[in-house]
Each structure stands twice: as C-alpha cells, then as structure tokens.
Amino acid sequence: MTRDNNGLGDLFREMLRIRIFEERVGELFVRGESAGSMLHLSIGEESAAVGVCSAMKDGDTFTTHHRGHGIFLARGANPDRMMAEIAGKETGYCGGKGGSMHIADMGLGHLGANAIVGGGIPAVVGAALAAKRQGTGAISVAFFGDGAMQQGILYEAMNMAALWDLPAVFVCINNQWGMGTRIDQATKSTDLHVRAKAFGLKAETVDGLDVREVQGAATRILDAARVGRPGFLAVDCYRFYGHARKDKSPYRDETEEAEGRKRDPVAFARAALTESGKAEAELADMEAAIAAEMDASIDYAIGSDEPPLEAMFRDVFAPGEPEPEPVAARLDRVLARE
Amino acid sequence: MESLTYREALGRALADAMREDESVFVLGEEVGRYGGAYGVTKGLIEEFGPERLLDTPISEAGIVGAAVGAAMAGMRPVAELMYIDFIGMTMDQLGNQAAKIRYMFGGQIGVPMVLRTQGGTGRSAGAQHSQSLEAYVMHTPGLRLAIPATVADAYHLLRAALTQPDPVVFIEHKALYAMKAEVDLAAPVPDWGQAALRREGGDLVIVSYSRQVHYALEAAEALAGEGIEAAVVDLRTLNPLDFETIRPLVEAAGRAMVVSEGPMTAGVAAELAARISEECFDYLEDPVVRVAGEDIPISVSTALETASVPTPELIAATARRLCR
C-alpha cells in the first residue's frame, strides 16, 4: 500500500499508532491475554520504523528483528491481526503459530520477524538477488538492533550485497541496549556505519529524534539501493523500557533512563506540529481515534479463538504432503498388539 | 544406456533442471569458475553463465541465508555446502530459518531450496572433512533429506529434490563421486520418498543408505555363499522415511540390522532400530542391531579412518552372529 508520508502530520500519526499499539501490547500482557511474556516493545524507536518505511515502496520486501511491531505497522499491517498473533490466536497473521517474534505477511512483503539476533539479515541478500534477477525494481531491507552489529552473519550479508551490487539495505535501529548490555559494553567501535562503509556500502548514521531527518537519510540510502548501490543506515534512538515486557531494567541508572527518554521522537514531532500551528484539538482527536483503533485490536485478539489442535501438525511441510504422525496416534498403533 | 559417474550424474541433473526452469540457480564456494570442490558443477558456467553459477565468498551462513531469501522470493536456489562438516556454520539459517519458516508463518510460504553437500570418510580428509552428520538434519522438523547411493539416484533424487516445495538437504558421499555405472536415465526409479529393495533375501533385512548400501550388498554376496540370504534396503531419503518398505520384509525375515556410517549414539541407525523394534516387535527373533560409526572423531590415518566406520566384513560378521 502507498501512504502519503510526506508531511510531518502523517509521519506523526504513524509514530503515534506504533506508540499506542505497543502500549496496548503491554496491556494485553498485564491482562494475561498475551501468549507469553516475550514481548519486545519498540517505544522510543518509532522514528526509525516510520522514517525508513516511508521511503519504501509497494513490492519491497523486508525482515525484522524481535522488536519489529512498529516496522510492520509502518508497512501497513492490520493491528487487529497483529494483536491476535501476539495473543497466539487463529485470526493472527500466522494463525497463532508465530507470535510477536515470528510475525510475517507475504502480502506486505514482510519476510518475517526473527527471534535469532541477526537471523533475518541474510534473507534480504537472497530477496534482493531475486529482485535483481527478476527485474522487479524492488529493494529488500533488513531491520535489526545494535546487538546484531556484533553478529558475524551481518558481515557475510553486507559483503555479499556489496560484492553483487544488490538492491539491499541494512538498517540498524541502535536503541543503545542489547538486553542488559549497553552498546559501549559490547563493542569498542560504536560508530556503526563506518563498518558498513568498509564493505563498500553507502552508509550513514542519523539521529532518530526527528523523524524527518530519518526519512531524509532513509530516502538517500534506499534510492541508491534501487539503482544497485546497497546501503546501511544506523538510526540512533533509545529503548524506553526493558528488554522484554517483564524486564524493569535494573541494570540501567535512572539518570540515563531519564536522559534517554527525553529523546522522544513522538513528543518531538508533536511539539513541532504544535509550533507550526496545528491545533491542539486536532491532535487530541487524532490521538483518541488511534486509541480507539488499538483498543479495538485488543478486543479483537481477546475475542478470537485459539487455533484448533488439528492445526498443530499442519504446515511442517507443504499442503498435500503427509503430516507428521502424532505421538499419541503412533503409540496407539505400536501398542495395539494382537 | 550410457556410462556415467555419480559426479557426472549430479552435474547432469543440475544442467537439465537449469535448462527446464529459469528460476533454478546454483550458489556456493567455488561452484562456478572452479567447477566445484569435487567437480560436480564443472563446465556448467560455460552454458549458464556466472549469474546462475554464482561463486560466493567463504560465508556458509550467508550462502544458506541468501538461498532462503531467494527461495521465498520465487527462485529455486541450489546452495552448495562444500563439506557437511561446515553445517555448524549454517545451522541457524538451516535449522531456525529454512526449516521453520512455513510453520512459524502459518503456512503462508515455503522455502523450496536445495542444500547440496557431501559427507563421509574415504579420503583421509581428517576429523573436520569426513563426518556423516545426516542425523543433525534428520533431527530437525521441516527439512527433507535425500542421500543417494547409486548413479541413477544421484540424477533422479536431485531432479526430484528440485521439484519439492520444502527445503531439501541433499547429501552426497565423497567416496562415491568416481563410481561409474551403466545407466538408462529414462528407466523408471522409485518415487521420491520411496526406499529401494536392492537385494532380496529371507533371513535378514539390512537397512542402509549412501555408501554403506554398497558395503551391505558386498556383505550380502559373501553371506549368500554361506547360505544366508540378506535383503538390502536403500532408504534413498531419510525424510520422508519409507517405513512401509521395511516393515513387511522385517516381518517375514524376523531379523533386522541397520547400517550407517554416522556415529552410533543417537544416530540415524538408532532411530531406525527403535522404529523397527517398536513396530515389528512381535515378529522379531533377535534384537535389532545397529552397525554404525564409532563414537569418535575421524582420523586422517587411513588405517584408523577405515576402522572407524562399518566395513563389508563387519556387516557380514554381524549377520553371521545374528543368523547363527
């Protein structure tokens, strides 16, 4: 789908949708309706998702890391089906089998969120290779966190993308924290885009505070990728909350958190809109409408059914292939002796 | 009929598949200009060009990961892993990504890729270039596993692998590449997922795959001279696993032996022995025995290497004790 993301108002709306969606994911957990607690919120990182996705086009493909709700929403995901997937329900994007960390939708070009740090990165090399071969004009974008900057697979993938001039882009959402380890505790080399430059990629680092800056940098990088110059973009931001829903970040000090949370891309865009004359009432209406949309997604998720048990043996292999024999059926067969 | 080596049959299968289907392409280390570490893709770059015989950096995880993405985007990649011993480098992309994408994403998409590799002893290649790691693959739900023993199967199983909707790991045996046979590639072969009965025999059933099929046949010939008739089953694919061919043979013979080059403990032979014991218990006269690789790394010394995996003599001696 194509969206009009040129104006800050639209970028703000998209960021606000992510912010409120993520808050509702937290609520889903508190109400005991999420499937597990492995829910990684992207609050504080909305400008990375919205800024980069606003430079993507229909037909582009992408993969995300485990903190990818915002990216998927920014590419046009339906919040009802997302929330249902996070709740492990049949109506979710993956029928309740994937969940928050394995959500995907081929229709929107989402080749999959990944629970392995760096795991989804090389798929964009293959997707970009296919796009180039097929002449589709599409690009493929890998989104990952700063933790993946220390994974070898990233360097294998960037090297291949550069070597073969592929329409591929690597986007590092640097929220400063990999679980409980701060970026400077994980590497001496915190100037991340320099590494990509060393591989021959067009690379930049951008401050994620102003989504317009992210959009500008992403447009430069993605446009170059479309004509065969692969790229890398690091977006600096801050992970407002814990690693996963249950984590209260006891390893971070309060001053750092307070400073980090000042770098709020949603508040920054809101202030800029107000300053440019946007009426407060209009912004409040927007917020109320989004809150209602996301409240409805919780109702939808809670009201949906769990997948039926018969679905358990489905989709290990392609439709039409014999399904694996359930253990109980096997035991019945083996123990049914004359 | 024509005379072909196992290596040539594999190359022929790739060439025929690439001629028929534009989406098929090969990627891996040394697959193009060099022609493959074991020469399987030799000459293909001249017909198909460097884009379809894509030489890659030495980046095994990246190769498999790129194949996953290309397969999801509508291509049919054949990734080559030079030695199965390098599978550890790829295990996230293979086991966590390729194998699980269809299931995790609720059946939205499959990953129709083939990972060609080779394993086994026979070249004094040492502990990191001689292993039989098919159990790693067989233990991972979502992966198909083909493991050809014959020249005809080298061709037909690879062609069939390239029509599968799901990821296939295709394991060749390094000691078989030079094996030559008179084959008629137009002659019918068992379907994908069906085992082949390579030899009939009513006293004992030997279930095997890959090079050990030839060792089992050699043993069976020796045993026949002593009045012991052993059937030899070549599984051809380990996933799907064709138990229906095994069952009636074991029920008739009452004895079964499983032969595998991989390490004994928790290996393919262990799985097969367990199945036979569970499913054919009432018909068995003796325990189902595993004749498998020792639970040790493979040595570069030819003497130690040879003694580390089953030999025709060990298979025959075990059969004699079973049928005594």
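Biologist: Where in chain B does B:S23 lie?

Modeller: B:S23 lies in the loop between helix 1 (6–20) and strand 2 (24–28) of chain B; helices (H or I, at least four residues) and strands (E, at least two) are DSSP runs, numbered from the N terminus. This is a predicted model, in which local features need pLDDT of at least 70, side-chain atom pairs count only at pLDDT 80 or more, and totals for chains, interfaces and linings use all residues. Residues are numbered from 1 along each chain as its sequence is written, chains are lettered from A and ligands numbered from 1 in the order in which they are written, and side-chain values use heavy atoms, without hydrogens and water.

Biologist: Is B:S23 buried or exposed?

Modeller: B:S23 is buried, because its relative accessible area is 18% (buried means under 20%, exposed over 50%, partly exposed in between, with a 1.4 Å probe and protein chains only).

Biologist: And what is B:S23 in contact with, leaving aside neighbours within four places in sequence?

Modeller: With those neighbours left aside, B:S23 is in contact with B:G74, B:M75 and B:R76, where contact means heavy atoms within 4.5 Å.

Biologist: What about B:A17; which element holds that residue?

Modeller: B:A17 is part of helix 1 of chain B. The relative accessible area of B:A17 is 6%, so this alanine is buried. Beyond its neighbours within four places in sequence, B:A17 is in contact with B:V24, B:R159 and B:L162.

Biologist: How many residues apart along the chain are B:A17 and B:T163?

Modeller: They are 146 residues apart along the chain, and their C-alpha atoms are separated by 9.3 Å.

Biologist: Changing topic: which two residues are joined by a cis peptide bond?

Modeller: B:N239 and B:P240 are joined in that way, with omega about 5°. B:P240 sits in the loop between strand 12 (237–239) and helix 9 (243–253) of chain B.

Biologist: Now chain A. At roughly what angle do the axes of helix 4 and helix 12 cross?

Modeller: The axes of helix 4 (residues 79–86) of chain A and helix 12 (residues 280–303) of chain A cross at roughly 45° and come within 8 Å. Helix 4 of chain A is therefore oblique to helix 12 of chain A.

Biologist: How are those terms defined?

Modeller: Axes are lines fitted to C-alpha atoms, for helices over the stretch in contact, and angles run from 0 to 180 degrees between N-to-C directions. Angles under 35 degrees count as roughly parallel, over 145 as roughly antiparallel, 65 to 115 as roughly perpendicular and the rest as oblique.

Biologist: Which residues meet between helix 4 and helix 12 of chain A?

Modeller: From helix 4 of chain A come A:P79, A:D80, A:R81, A:M83 and A:A84. Their partners in helix 12 of chain A include A:E293, A:M294 and A:Y300.

Biologist: And how do helix 1 and helix 2 of chain A cross?

Modeller: The axes of helix 1 (residues 8–30) of chain A and helix 2 (residues 46–53) of chain A cross at roughly 135° and come within 9 Å. The two helices, helix 1 and helix 2 of chain A, are therefore oblique to each other. Among the residues that make the contact are A:L11 and A:I18 of helix 1 of chain A, and A:A49 and A:V50 of helix 2 of chain A.
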